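Welcome, and take a moment to turn the model around before reading on. We will walk through it together, one region at a time.

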Amino acid sequence: MIEQTALERGHTIVAKVDIDTKDIDFSNMDVAIDFSMPNAAFDNIVSCLNNNVPIISGTTGWLDKYAAAVDLCKEKNGAFIYASNFSLGVNVFFELNNHLAEMMKNLKQYRVSIEEIHHTQKLDAPSGTAITLAEGILKHTNYTNWKLDEASESEIPIVSKRIDQVPGTHTINYDSTIDSIELKHTAHNREGFALGAVVAAEWIHGKAGVFTMKDVLGF
């Protein structure tokens, strides 16, 4: 889908890398887009940065090595964007989540929770998007951490569901005994993720530094 979107926007695909790819020619690449596996993403990023190729990564589940990727990018004067979700709508959703958390921080009668639903092929749980949402809430409230499923009063519970053919649904709930406030994003298909990644690749071309989708979208 990324390939199709890139071609529709006038780009040329010069390489497709899979698990059995032996040799990669970096010489004619303007930018690389990594949607791979948690155990492959960091090595892909390192290879691109070492070969002076800007890289966009949307792979989740490898972030224990994110700081090392940032350090290498700076050392090589390279260009790198990681996002847990490249959908343009989801990145608007991230900003709304931050604003709502800021508004709710002193309303102690509300208890926040996050639910995420994805297709059965998704390997990590919770989703990187749900973690990003939780981190946005942690930044603006007195919650101390997030936790999958059962959580203490000071933790944000995240419920992960895997249902066949669901591209991705994320819901933030603030519940009290009187009422509930819900913020929700529903992906109707996976095209939005591909488009956002290609838009990010277009944006980073010719730049140097470590960026986020907030930079791409000008938030």
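Which helices each supply at least two residues of the lining of the second largest pocket? They are helix H4 (88–104), helix H5 (128–140) and helix H7 (213–217). Helices (H or I, at least four residues) and strands (E, at least two) are DSSP runs, numbered from the N terminus. H5 gives the most to this lining, with seven residues.

Before we go further, a word on what you are looking at. This is a predicted model, in which local features need pLDDT of at least 70 and side-chain atom pairs count only at pLDDT 80 or more, while totals for chains, interfaces and linings use all residues. Residues are numbered from 1 along each chain as its sequence is written, and side-chain values use heavy atoms, with hydrogens and water left out.

Back to the pocket. On a 1 Å grid over the protein atoms alone, a pocket is an open set of points where a 1.4 Å probe fits, with protein on both sides within 12 Å along at least five of seven lines; lining residues have an atom within 4 Å of a point. The second largest pocket holds about 630 Å³ of space, a volume being the space filled by probe spheres set on the points, which are joined across faces, edges and corners. Its lining is made of 27 residues, and the closest to its centre are Ser 84, Phe 94, Thr 132, Glu 135 and Thr 212.

Next, look for the sheets. Strands of a sheet pair through backbone hydrogen bonds, either parallel or antiparallel. Here two strands pair if DSSP finds at least two bridges between them. Five strands form an open, mixed sheet in the order S5-S6-S4-S7-S8. Strand S5 (145–148) and S8 stand at the edges with a single partner strand each, so one side of each has no neighbour in the sheet. From one strand to the next, the twist averages 20°; angles run from 0 to 180 degrees between N-to-C directions, and axes are lines fitted to C-alpha atoms, for helices over the stretch in contact.

S7 pairs with strand S4 (residues 111–118) in the antiparallel sense over seven bridges; Glu 116 has His 170 as its bridge partner in S7, and Ser 113 stands opposite Asn 173. Seven bridges also join S7 to strand S8 (residues 180–186), again antiparallel, with Asp 175 opposite Ser 180. A hairpin of four residues links S7 to S8.

S1 pairs with strand S2 (residues 55–57) over three bridges, and Ala 32 has Ile 55 as its partner in S2.

Finally, the cysteines. The model has zero disulfides, a disulfide being a pair of cysteine sulfur atoms within 2.5 Å. The sulfur of Cys 73 is 11 Å from the closest cysteine sulfur, in Cys 48, too far for a bond. Cys 48 is buried at 6% relative accessibility, and Cys 73 is buried at 1%.

Methods
Buried means under 20% relative accessible area, exposed over 50%, partly exposed in between (1.4 Å probe, protein chains only).
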